[in-house]
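Please look over the model below before reading my remarks on its ring pairs and on the contact between its chains.

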Amino acid sequence: MRTRILFFGALSARLGSEREIEIPDEGCSVADLRRLISAQHADAAEALSSRPIKVAVDQEIVGEDAHVMAGQEIAFLSPLSGG
Amino acid sequence: MACSSRLLSTAIAADRELAGFIQAAAGAGAVVSFCGIARPAAKSGEVVDALHLDHYPGMTERSLQTIADDGYERFDVSDLLVVHRCGTIKPGETIVFVAAASPHRRAAFEAADYLMDRLKTEAVFWKREQGVDGTRWIEPTEGDRADAARWGD
């Protein structure tokens with residue numbers, strides 16, 4: 001299923017503010033999501049692995065094992081700058 | 001007013017914020033406020049033309065309110081306010097305004113200090129300085145992290 005992925009911080013400067021990817025209908029883990037994005041967007045592979053990039057699902061930071069479904073709000077976050 | 005936060009994409013009028021806060025905190029014996037102001041130069045000395053604060057709508061506002069709520073719970077304060085800018089900020093403009101009111105001064109000083117330490121490291125923003133050589137992303141310094149760690153959260 002096509003799903004929109006949001007990028008924030010330095011990531012958005014490199015990859016744009018969002019991309020669409022195809023994820024399995026039954027969903028996948030966050031770790032799988034990283035692999036899927038890298039496979040479907042070659043330029044994202046390095047950006048997603050070069051810094052400690054956190055993932056938020058429905059605006060909550062989640063771990064690598066968290067399960068993600070299409071239709072949820074998924075965001076990759078560069079390290080926060082703080083205020 | 002008791003414990004509130006706001007995210008603004010337009011200028012923060014710190015004087016008006018403070019006047020409103022003092023009025024709302026009537027009965028308090030102490031009010032402490034702090035303004036964080038955009039500097040005209042980076043740490044390296046390079047001129048900064050503007051600071052850009054990107055945010056994540058929803059998540060950023062919640063991070064501000066969580067920090068304010070934690071401060072409200074932790075200190076003997078009657079009122080707390082956090083006002084934070086997002087978007088493009090010119091040198092000399094206020095980035096953040098915090099205020100704390102309490103029966104006696106110590107709690108208000110500590111609460112304002114606490115709010116700023118938490119905001120500097122945990123508020124959901126991505127900051128970049130824009131100068132003649134382009135833009136540079138900014139992350140919390142070791143000093144910022146050490147300041148936040150003082151509170152033991």
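The numbered points below take up the basis of the values, then the aromatic pairs, then the interface.

1. This is a predicted model, in which local features need pLDDT of at least 70, side-chain atom pairs count only at pLDDT 80 or more, and totals for chains, interfaces and linings use all residues. Residues are numbered from 1 along each chain as its sequence is written, chains are lettered from A in the order in which they are written, and side-chain values use heavy atoms, with hydrogens and water left out.

2. Over all chains there are 6 aromatic pairs, where rings of Phe, Tyr and Trp (its six-membered ring) pair if their centres lie within 6.5 Å, with planes under 30 degrees apart counted as stacked, over 60 as edge-to-face and the rest as tilted. One of them joins Phe7(A) and Phe76(A), whose ring centres are 6.2 Å apart with the planes at 50°, so the pair is tilted. Because Phe7(A) lies in strand E1 (residues 2–8) and Phe76(A) in strand E7 (residues 74–77) of chain A, this pair ties together parts that are 69 residues apart in sequence; strands here are DSSP runs of E of at least two residues, and helices are runs of H or I of at least four, numbered from the N terminus.

3. In chain B, Tyr114(B) and Trp151(B) form an edge-to-face pair, 5.3 Å centre to centre with 85° between the planes. Tyr114(B) belongs to helix H3 (residues 105–122) and Trp151(B) to the segment after helix H4 (142–149), so parts 37 residues apart in sequence are tied together. Tyr114(B) is buried, with a relative accessible area of 1%, and Trp151(B) is buried as well, at 14%.

4. Ring pairs also link Phe8(A), Tyr56(B) and Trp126(B) into a cluster.

5. The contact (heavy atoms within 4.5 Å) takes 18 residues from chain A and 20 residues from chain B. The area buried between them is about 1,600 Å², of which carbon and sulfur atoms give 56%; buried area is the accessible area (1.4 Å probe) that two parts lose on being put together, summed over both. Gln59(A), Ser81(A) and Gly83(A) supply 42% of the area that chain A buries against chain B, more than any other three residues.

Terms used:
Buried < 20%, exposed > 50% of the residue type's maximum accessible area, 1.4 Å probe, protein only.
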